Amino acid sequence: MTDADTATTAAVNGHEGAAVRREIVDIIASRTLYDESYLLPESHFEADLGIDSVIHESILALVKERFALAAPLPDGLYTIRELTAAVEEALAAAVRAGTAAPSPGPAPAPAPEDPVLEAVLRAAMHHTQYRRDQLLLDADFEGELGIDSVVLVSIVADCARDLGLPDDLAGTLTAPSPRDLIVELRAYRESEGGDGARAATGARTPTATGASTGTGTPDLTAPWDSRSMKDFVEGRDGDLFAKTRSFRSHLRGREAERLYWYGMPLHSRCGNRALILDELTGQKREFLMFASNNYLGVANHPKVIEAVCEATRSFGATHTGSRFIGGTNMLHKELERRLAAFKGRPACIVYPGGYAANLGTISALVKSYDTLIVDKLNHMSIVDGARLSGAVRKIYQHNDMADLERILKRCDDRTAGKLIVADGVFSMHGDICDLPEIVRLGKEYGARVMVDDAHATGVLGARGTGTAEHFGLKGEVDLELGTMSKSLAGMGGFVVGDEDVVEYLRFYANSYVFAAGIPAGVAAGLIASLDLIESEPERITRLWSNIRFLHGLLVDAGFDLEHSESAILPLVIGDERRALEMGRAVRARGLFCQTVVFPGVPLGDARLRVSVTCEHTREDLESAAGIFVDAARETGVLPKAG
C-alpha cells in the first residue's frame with residue numbers, strides 16, 4: 001500500500017489510524033463493559049480479556065457494520081492491534097478497488113479536555129453497552145439510554161472516584177441526562193473548598209445502630225443509621241470482601257432493632273396462617289400470613305402433594321442433566337402441553353425458574369443491534385435479561401403510553417428488532433399494565449410484545465390465565481411469560497407463544513440449554529395444580545371477593561394503595577425508617593407481610609406489601625385490617641384515633 005493509498009483511504013472514510021482504533025476500542029468496551037484503560041493494543045481477546053467466541057463474533061459483526069466493510073475480515077485476529085490493522089487494510093483495499101462505501105458516520109471528536117465530561121462518558125460506557133458516539137449529552141438517562149437508578153449510582157460512583165470526590169456522592173445525584181450530571185459534578189467539584197470538602201472529610205459517618213436495652217427490646221433512643229442498602233452497592237476496596245463486612249455491621253444493627261426480619265424460616269405449611277421461627281429471639285409463633293403468593297391455595301392441596309410424592313417415587317428425586325442431555329421426562333412434555341393449552345397458545349417452553357425464563361428468552365431473542373423497551377417498574381429479572389442481551393435498552397415511565405410512543409417513534413428503525421416487555425401485574429405495586437395500548441403501539445411501530453404474567457397467572461381473567469385474557473387479547477400478545485412458584489404452586493418458569501419462536505428458544509436460550517430442568521415430582525404437582533384451577537373456578541371467585549373486601553377496609557382506613565387491581569395490596573409509606581418501624585409493629589401484633597425497601601423499590605417509595613389469597617377467611621381479613629390500622633397509628637403512618 002502506497003502513502004497515496006493511505007491518504008486516500010483516510011480522506012474517503014474519515015477514519016485515520018488512531019480513529020479506527022478508537023472506534024474499535026469503543027465497540028469492544030460496549031460489548032464487554034471493560035474500562036477503556038484495560039483495552040491495550042496487545043490485549044489478547046481470550047487470554048487477557050476473557051472474550052469468548054460468541055462475544056468475539058458479535059464484536060466482529062459490529063466492526064463490519066460500523067466501517068461498512070463488504071468483505072469478511074480474515075481469521076486469526078486475536079488482539080486489538082491485529083483487528084485494527086485488518087480494518088485499515090480492508091478500508092484501503094476498498095478504496096483501491098473503487099468500492100469504498102460512504103463513511104458510516106462522523107469520525108469521533110478528539111478526546112475532550114474537560115475531565116468531568118470525560119469521566120461521565122468513560123463511566124457510562126463502562127456500565128452500559130454504549131459506544132462513545134452513542135452517548136448523546138442531552139439524551140434522557142431512562143427514556144433514551146435505558147440507564148436506571150441502580151446503574152446511575154454506579155456511574156456516579158466511578159465519576160466520584162476519578163474526580164476525587166466523596167464516595168457517598170453516588171447516592172445523592174439523580175441528574176436526568178449526561179449533560180445535567182456533568183453540570184452537577186462540575187458544581188460539586190468547584191465547591192470543593194465548601195460543601196465538597198466537608199463531605200470529603202467524613203461528615204456523613206452514620207452511627208451503627210443495633211443498641212439494645214438488654215431486655216430483648218430495641219432501644220428506640222439509639223441514633224438512627226440513615227444508610228440504606230443502596231449505600232453498600234459501590235464499596236471500592238482492594239479487598240473484594242470489604243463491602244460485605246461493612247454491610248454486616250449495618251445488617252446487625254437493623255436486626256437488633258427488629259427492623260430487618262427477612263428470611264425467617266417457616267415450621268409449618270404456609271396457608272392463611274403459618275408457624276414461623278423468629279431467629280432474632282429464638283421463639284416460634286403463629287402468624288396471620290399475608291406474604292404468600294399461593295393466591296389460589298393449591299400448594300397444600302392433597303391431590304397436588306400426592307402427585308408430587310407419586311412421581312418422585314416413580315422417577316426419582318431429580319434429573320442429573322439439562323433438558324438436552326438426559327434431563328427431559330415425559331412429565332415435562334405433558335406439562336408444556338398443558339400450559340400451552342391453559343394459556344391458549346400453540347407451544348410452551350419450561351425453564352428452571354421464572355428468573356431464568358426472562359434471562360434466557362430476552363438474551364436469546366434480543367441482540368446488541370436490537371432495542372429492548374421496558375417499563376420503569378419491571379421486575380429485576382427483565383432488567384438483568386436486558387443487560388445480558390447487550391441490547392440498546394430504553395425505559396418508559398411507568399404505564400405512560402405517551403412516553404412509550406415517544407420512545408418508539410425515536411427508535412423506529414425497521415432494520416433492527418424491537419421488543420416491548422412489561423409486567424402484567426407489577427409485583428411491588430399491584431397495578432396492571434396497559435396491555436391494549438402496548439399491543440396497539442407494538443403493531444403500529446413494528447415491535448414485538450412480551451408480558452410477564454408472574455403475578456397475573458391464576459389471578460387475572462375469568463379462567464385465571466392472565467393479563468391477555470383479562471383484556472380480551474388472547475393471541476394478540478407475541479409472548480406470555482410466567483412463573484410456576486406462585487398460583488401454580490410449584491417451581492419453574494415458562495414462556496408460551498408460536499411454535500417457531502419456542503423451538504428457537506430451546507436451542508438459543510442459555511438458561512434452558514445449560515441448566516437442569518425441574519424434577520419430575522414438581523412437574524407432576526404442577527399438572528395437578530392446573531387440574532384443580534381448571535376444575536374449581538370458584539377459587540378465583542373467592543380470591544377476588546377477598547381482594548375487594550380487604551382493599552375496601554384499607555382504603556376506608558386512609559391507606560394509600562396506589563392503583564392496585566390485583567392480589568397485591570401495597571401500603572405506601574415512602575420514608576424507609578417509618579416503613580421498617582411499621583413492619584415491626586405489624587409483626588409484633590402477629591401478622592406477617594413484606595416490608596419493601598431499596599432495591600425492591602426506589603428510595604423514598606418504601607411500603608408494606610400485602611398478598612391476599614383465596615384461603616383467607618373473613619375473620620382473617622378483618623383482623624389484618626385492624627392490625628394495620630393499629631400499627632400505622634403507633635408509628636405515625638396514620639393519625640392517632642380521635
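## Exercises on a predicted model

Leaving aside neighbours within four places in sequence, K640 is in contact with R633 and E634. The structure is a predicted model, and the exercises below work through selected parts of it.

**Exercise 1. Describe the position of K640 and decide whether K640 is buried or exposed.**

Step 1. K640 is placed in the segment after α22.

Step 2. The relative accessibility of K640 is 59%, and exposed means over 50%, so K640 counts as exposed.

**Exercise 2. Determine how helix α20 is oriented relative to helix α22, and which residues make the contact.**

Step 1. Two packed helices are described by the angle between their axes and the distance between the axes.

Step 2. The axes of α20 (residues 538–557) and α22 (residues 618–635) come within 10 Å and cross at roughly 25°.

Step 3. Angles under 35 degrees count as roughly parallel, and α20 is therefore roughly parallel to α22.

Step 4. The crossing of α20 past α22 is right-handed.

Step 5. From α20, the contact uses S545, N546, F549, L550, L553, L554 and A557; from α22, it uses R618, L621, E622, A625, F628 and V629.

Step 6. Sorted by class, this contact of α20 with α22 holds nine nonpolar, two polar and two charged residues.

**Exercise 3. Repeat the analysis for helix α21 against α22.**

Step 1. Helix α21 (residues 576–588) packs with α22 at an angle of about 135°, and their axes are 9 Å apart.

Step 2. The cut-off for roughly antiparallel is over 145 degrees, that for roughly perpendicular is 65 to 115, and the rest count as oblique; α21 is therefore oblique to α22.

Step 3. α21 passes α22 in a right-handed crossing.

Step 4. On the α21 side the contact is made by R578, E581, M582, A585 and V586, and on the α22 side by I627, F628, A631, A632, E634 and T635.

Step 5. Seven nonpolar, one polar and three charged residues make up the contact of α21 with α22.

Step 6. F628 of α22 takes part in the contact with α20 and in the contact with α21.

**Exercise 4. Check the span of helix α4 (residues 80–97), and describe the residues that flank this helix.**

Step 1. Helix α4 has 18 residues; at 1.5 Å a residue, these should span 26 Å.

Step 2. The buried residues in α4 are I80, L83, T84, A86, V87, L91, A92, A94 and V95.

Step 3. T79 lies in the loop between α3 (53–66) and α4. Its relative accessibility is 9%, so T79 counts as buried.

Step 4. Not counting residues up to four places away in sequence, T79 touches P41, E42, S43, H44 and F45.

Step 5. After α4 comes G98, with a positive phi near 75°.

**Exercise 5. Which residues does F232 touch, and is F232 buried or exposed?**

Step 1. F232 is found in the loop between α8 (192–200) and α9 (242–256).

Step 2. The relative accessible area of F232 is 12%; buried means under 20%, and F232 is therefore buried.

Step 3. Apart from residues up to four places away in sequence, F232 touches R227, K243, S246, F247 and H250.

Step 4. F232 and S246 are 14 residues apart along the chain, and their C-alpha atoms are separated by 7.7 Å.

How values were computed. Residues are numbered from 1 along each chain as its sequence is written. This is a predicted model: local features need pLDDT of at least 70, side-chain atom pairs count only at pLDDT 80 or more; totals for chains, interfaces and linings use all residues. Side-chain values use heavy atoms; hydrogens and water are left out. Axes are lines fitted to C-alpha atoms, for helices over the stretch in contact, and angles run from 0 to 180 degrees between N-to-C directions. Helices (H or I, at least four residues) and strands (E, at least two) are DSSP runs, numbered from the N terminus. A crossing is left-handed if the near helix is turned anticlockwise from the far one by less than a right angle, and right-handed if clockwise. Contact means heavy atoms within 4.5 Å. Ala, Val, Leu, Ile, Met, Phe, Trp, Tyr, Cys and Pro count as nonpolar, Asp, Glu, Lys and Arg as charged, and the others, Gly among them, as polar. The expected span of a helix is 1.5 Å times one less than its number of residues. Buried means under 20% relative accessible area, exposed over 50%, partly exposed in between (1.4 Å probe, protein chains only).
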